[in-house]
Amino acid sequence: MVSNGVKTECENMTLSGRYAGKIDSPFNGVALYANNDSVSFIQDFSEGTHDFILKGCSNNSNMAKVDLVIGGENKGTFYYGDGYPAEYTIENVNHKTGKQKVELIVNADDGNWDAFLDCLVISGKTSNSSDNESNGSNKPNGKLVALTFDDGPSETTTAKVLDVLQKYDVPATFFLIGRQVNSGTREVMQRQISQGCELACHSYTHEDMSKMSETDVKNQIEWTTSAIYNTVGVNVKYFRAPYLSTSNTMFQNINLSFIQGIDCGDWQSNVSAYDRANTILNNVSDGTIILMHDFEGNDNTVQALPTIIEGLKKQGYTFVTVSQLFEYKNVNPNVGYKVWSNVLN
């Protein structure tokens with residue numbers, strides 16, 4: 001009976017469906033080509049809560065979705081956004097004990113992708129109390145400000161930003177691009193959480209969502225929020241639109257609070273670190289959300305960050321996450337057709 005650490009190769013599972021078959025590239029595994037194609041096996045569970053880690057990929061840049069079903073009950077969905085093999089986790093899954101049928105089922109094929117599956121690992125449940133909830137026991141007084149960063153997680157810049165935040169012991173909120181959330185960036189995301197930072201949604205592909213249909217808008221949000229949850233077990237509450245471009249379709253179909261912020265132009269390579277810091281220091285007020293970027297190579301922002309933090313501390317500001325900013329100022333962020341740059345106005 002399993003309680004922890006069982007790995008099952010997908011090619012050894014039972015194939016079902018008209019098009020399901022075994023593959024030897026990009027790994028030895030199975031391919032699920034159409035809706036209701038699946039693989040399954042019987043697992044004997046000694047405990048009723050586990051993490052499920054599925055290694056797989058899509059055959060291209062389109063999103064592949066694979067449902068986890070245990071004992072006939074849907075327990076979540078694994079998402080794969082490209083052809084690079086990655087591991088995604090559905091944490092703390094509650095299920096029946098004893099012998100249960102475990103199934104991996106394709107249920108959202110639109111004809112543009114195939115799901116390639118390598119192996120499924122069942123491990124002990126994760127103890128993770130972080131769900132973007134702040135602890136109000138040490139509520140700060142006075143002026144508050146929230147640092148935010150778009151376009152990550154990146155290979156090196158995000159870590160550099162975290163180094164600065166760690167040095168000064170301040171948190172931030174990171175608005176992530178969903179297709180950059182995978183097993184390769186899990187470690188830096190776990191570091192973000194461990195440092196008291198917050199994760200939020202910045203779309204899946206960073207395209208202009210104001211021009212998208214209702215279905216495409218919903219997909220951008222679902223894919224990103226699910227990728228974040230499957231990777232580090234965090235639910236997100238906030239969304240920043242790519243290019244800060246919004247539409248009625250977006251407001252009507254995104255169930256997250258819209259965040260903007262004051263912009264220092266740090267997405268432009270010709271804006272110096274000095275100018276970035278100076279713009280922010282001269283435009284912040286109590287309750288402000290600051291918009292910056294941690295995309296790969298954005299070193300001017302990394303260089304500007306110590307000046308920004310030290311300057312705002314001298315002005316009497318305390319740094320908090322976006323969630324804490326709303327909480328500590330007693331402001332409800334769930335306002336329809338509202339985009340927040342300062343929680344006090």
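The structure is a prediction, so local features are reported only at pLDDT of at least 70 and side-chain atom pairs only at pLDDT 80 or more, whereas totals for chains, interfaces and linings use all residues. Residues are numbered from 1 along each chain as its sequence is written, and side-chain values rest on heavy atoms, with hydrogens and water left out.

A nonpolar core is taken here as a set of buried Ala, Val, Leu, Ile, Met, Phe, Trp, Tyr and Cys residues joined through side-chain atoms within 4.5 Å; buried means under 20% relative accessible area, exposed over 50%, and partly exposed in between (1.4 Å probe, protein chains only). The largest such core has 51 residues, and those touching the most other members are Leu-147, Leu-165, Phe-174, Phe-239 and Leu-312. Helix 6 (residues 299-314) supplies six residues, the most of any contributor to this core. Helices (H or I, at least four residues) and strands (E, at least two) are DSSP runs, numbered from the N terminus. Beyond its neighbours within four places in sequence, Leu-165 makes contact (heavy atoms within 4.5 Å) with Leu-147, Val-170, Ala-172, Phe-174, Gln-195, Cys-197, Leu-305 and Ile-309. Another core, of 28 residues, lies apart from the largest one and includes Cys-10, Val-66, Phe-78 and Leu-104.

Helix 6 deserves a look of its own. Its 16 residues reach 24 Å from first C-alpha to last, close to the 22 Å expected at 1.5 Å a residue, where the expected span is 1.5 Å times one less than the number of residues. Helix 6 bends by about 30° at Leu-305, with Pro-306 following within four residues; the bend is the angle between axes fitted to the seven residues ending at a position and the seven starting there. Leu-305 is also one of the buried residues of helix 6, as are Ile-309 and Leu-312. The cover over these buried residues includes strand 12 (143-152), helix 1 (157-168), helix 5 (273-281), strand 18 (288-293) and strand 19 (317-319). Just past helix 6, Gly-316 adopts a positive phi of about 95°. Helix 3 (residues 214-232) has 19 residues and spans 27 Å, close to the 27 Å expected; Gly-233, with a positive phi near 75°, follows it.

Turning to charged pairs, the structure holds 10 salt bridges, each a side-chain nitrogen of Lys or Arg within 4 Å of a carboxyl oxygen of Asp or Glu. In one of them, the closest N and O atoms of Lys-329 and Asp-286 are 2.8 Å apart. Lys-329 sits in the loop between helix 7 (322-328) and strand 20 (339-340), and Asp-286 in the loop between helix 5 and strand 18, so this pair ties together parts 43 residues apart in sequence. Lys-329 is buried at 18% relative accessible area, while Asp-286 is partly exposed at 23%. Glu-73 and Lys-75 also form a salt bridge, at 2.9 Å from N to O.

Finally, there are eight aromatic pairs. Rings of Phe, Tyr and Trp (its six-membered ring) pair if their centres lie within 6.5 Å; planes under 30 degrees apart count as stacked, over 60 as edge-to-face and the rest as tilted. Phe-239 and Phe-258 make an edge-to-face pair, 5.1 Å centre to centre with 80° between the planes. Phe-239 belongs to strand 15 (residues 238-239) and Phe-258 to strand 16 (residues 257-259), so the pair links parts 19 residues apart in sequence. Both residues, Phe-239 and Phe-258, are buried, and together with Phe-251 and Tyr-337 they form one aromatic cluster.
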